[in-house]
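Q: Hi! Could you walk me through a few features of this one?
A: Happy to, here it comes.

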Amino acid sequence: MKFQTADPAREPSAILYRRCTVDLSSGSIRMEDVPCRNLEDALGGFGRSFQLLAERRIEKAYSEQNPLIVNTGLLTGSTAMTGLRTYFSGYSPIKGSKKGLPAAMWSTGSGKFGAKFKWTGLDELIFENRSEAPVYALIREGEDGPVVELKNAAHLLGLSTHEKIMALQKLYPDAHFAAIGPAGENWESVTMGAVALSTENQLKSGEDKFRFAGRGGMGSLMGYKNVLALVAQSSDKLKPVSDAVKKVNINVIKGGGAARLQPISRGGGGGTWAAYDVLQVFHAVPVNNFRPQGNALPEKLFRENVEKEYDIKSEACWRCGITCHNNIYEKHADGSRGEFLAKFDYEPLNLLGTNLGLHDAGQAARLIQLGDNYGMDAISLGVTISYALAYNQRHPDQPILGGVGFGDFEKIRDLVIQTGEGKCPQIGQGSMRLAESCGETAYAYHVKGLEIAAYQPETNPGYAWAIAGGHMSMGTYGLLTREGKSDIDSWVQGITQDKLQIVGFDMIGLCKFFDITKGIGTQMVVDCLQSELGLEVATEDLKAAVRRAFLRGLALELRQGYSKEEFTLPAEVFDDPNPNIKLPNISTREFFDELSKRVWAVFEPELEGLLPE
């Protein structure tokens with residue numbers, strides 16, 4: 001980026017970002033320096049890409065007019081802790097309105113790819129149209145700036161995400177990679193394709209330890225465009241950590257929401273996995289398609305029980321001290337470490353384990369590993385399968401998909417494989433379409449066509465207004481379980497003011513664990529922007545930019561045909577309350593109807609003028 005001002009909020013056009021537009025149909029490549037229109041543009045991520053998407057009227061996700069936008073945030077590749085994020089945006093093949101129009105969507109992941117991408121000198125890459133033959137894009141630093149080339153990718157066809165990354169590493173040993181798997185290649189049958197992002201650990205160990213931009217089917221959109229991978233080749237350009245950023249990084253590790261994610265050996269809860277312990281107190285861990293049974297079954301996947309049989313190593317992303325995830329290995333009879341199985345985060349472990357009626361860590365790990373290598377979003381995959389299992393439980397005489405049931409590991413495993421290979425479109429199309437085809441939608445656990453994460457919707461009516469997945473774009477998932485808020489005033493305040501600020505991290509290049517409770521409108525972010533880039537931005541300007549970006553996303557949903565009635569929870573939540581969840585009941589229709597009325601009363605007046613005419 002080129003900075004000709006220190007005040008991006010007042011003089012955004014004095015900041016220019018380097019964009020490359022690739023026409024996949026003709027092979028033409030255009031580089032340009034683009035002036036920012038506002039602070040959202042300058043921050044980057046979905047704050048910029050949603051403004052570009054708003055300029056297009058897209059009726060089908062799989063159309064040449066739907067772009068795939070890859071970009072970073074201001075602090076991607078910086079010395080600020082967690083500054084690793086890459087964003088993939090477009091109109092989603094899986095999330096859409098009842099009118100059949102696709103929703104604007106972004107997905108993001110860590111790994112080192114984002115930093116390498118940024119260090120090439122490129123800020124944004126837009127793929128237009130589609131390629132007739134499979135290609136990968138090489139993004140490299142040249143003598144006069146970034147260079148983008150399209151390369152023949154025929155040799156990558158059919159390979160898993162991990163195999164693609166390792167094959168490309170042999171050609172580009174100093175690079176990092178983003179790749180789709182067979183699921184993305186089978187985009188017609190699979191709308192939940194994910195993008196795998198390489199990690200240092202993966203490239204050094206040769207084991208399939210990647211990160212993912214999973215939500216919304218951006219890997220399927222990439223597959224439709226016939227782009228199988230991206231290669232970011234550059235030298236590392238980290239500067240020394242300043243005293244100001246060093247202080248921030250220490251605060252990130254020890255304060256905010258990150259302290260509880262630290263390994264148990266450092267006094268934390270052991271990563272996101274610790275959500276099991278927190279939610280099980282209330283019997284709010286999803287079981288058998290989001291129907292907790294009020295028993296101890298989820299405790300079988302508590303860390304303390306899993307480590308009796310498996311070797312567990314707490315891990316962090318490159319240069320991050322939060323150490324939020326855990327790598328699971330087989331354990332030999334003598335206690336030594338065996339084969340690597342999978343990375344355990346809370347959502348994949350629950351949705352491909354407990355919520356499918358599977359309470360064996362090894363079985364869950366094998367499903368996670370399969371889904372990762374086929375390149376599918378673990379949340380959409382797990383929730384769609386759990387719907388099928390629930391349908392079969394209700395219809396034992398007329399089951400679907402071979403009669404697979406809760407706890408049937410072998411049949412569930414086969415479903416994952418068949419879906420990843422494009423042979424099971426019933427699962428690959430997601431839970432909304434599967435439920436509609438079965439004629440029973442009440443217990444399909446999606447909101448606005450996108451499967452919900454592993455937090456009971458009974459505890460989180462804020463899901464309804466999330467613009468890109470319930471736990472990544474509306475931070476209300478702990479408002480009841482962690483903060484104990486059950487009054488409607490607190491929920492209106494959370495949804496319309498405080499908790500929407502979580503989306504700011506998907507603009508600036510930081511992981512949400514940087515300060516998950518507050519968003520980016522903090523002095524820590526101000527200090528990083530000043531130290532890293534010489535920018536002077538007030539916390540209130542950051543909060544205002546995040547709010548505008550969120551509301552623009554909401555306005556885009558309405559423009560794509562969503563009715564207000566679609567901003568709701570699965571009907572089963574209202575019509576068949578689960579008595580096993582030991583929390584105040586805030587999921588009655590009366591509560592939700594009043595909440596909806598008050599939330600729209602706040603949001604609607606602010607939507608005017610956010611989209612182009």
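A: A quick term before we start: contact means heavy atoms within 4.5 Å. This is a predicted model, where local features need pLDDT of at least 70, side-chain atom pairs count only at pLDDT 80 or more, and totals for chains, interfaces and linings use all residues. Residues are numbered from 1 along each chain as its sequence is written, and side-chain values use heavy atoms, with hydrogens and water left out.

Q: Thanks! Which residues of H13 meet H14?
A: Leu-381, Ile-385 and Leu-389 of H13 are in contact with Ile-412, Leu-415, Val-416 and Thr-419 of H14. By class, that contact has six nonpolar residues, one polar and no charged ones (Ala, Val, Leu, Ile, Met, Phe, Trp, Tyr, Cys and Pro count as nonpolar, Asp, Glu, Lys and Arg as charged, and the others, Gly among them, as polar).

Q: And at what angle do H13 and H14 pack?
A: About 125 degrees, with the axes of H13 (residues 378-394) and H14 (residues 409-420) 11 Å apart. Helices here are DSSP runs of H or I, at least four residues, and strands are runs of E, at least two, numbered from the N terminus. Axes are lines fitted to C-alpha atoms, for helices over the stretch in contact, and angles run from 0 to 180 degrees between N-to-C directions.

Q: New topic: where does Asn-226 lie?
A: In the loop between helix H7 (218-224) and strand S13 (227-233).

Q: What about the phi of Phe-290?
A: Phe-290 is not a glycine either, yet has a positive phi of about 65 degrees. Phe-290 lies in the loop between helix H9 (275-280) and helix H10 (303-306).
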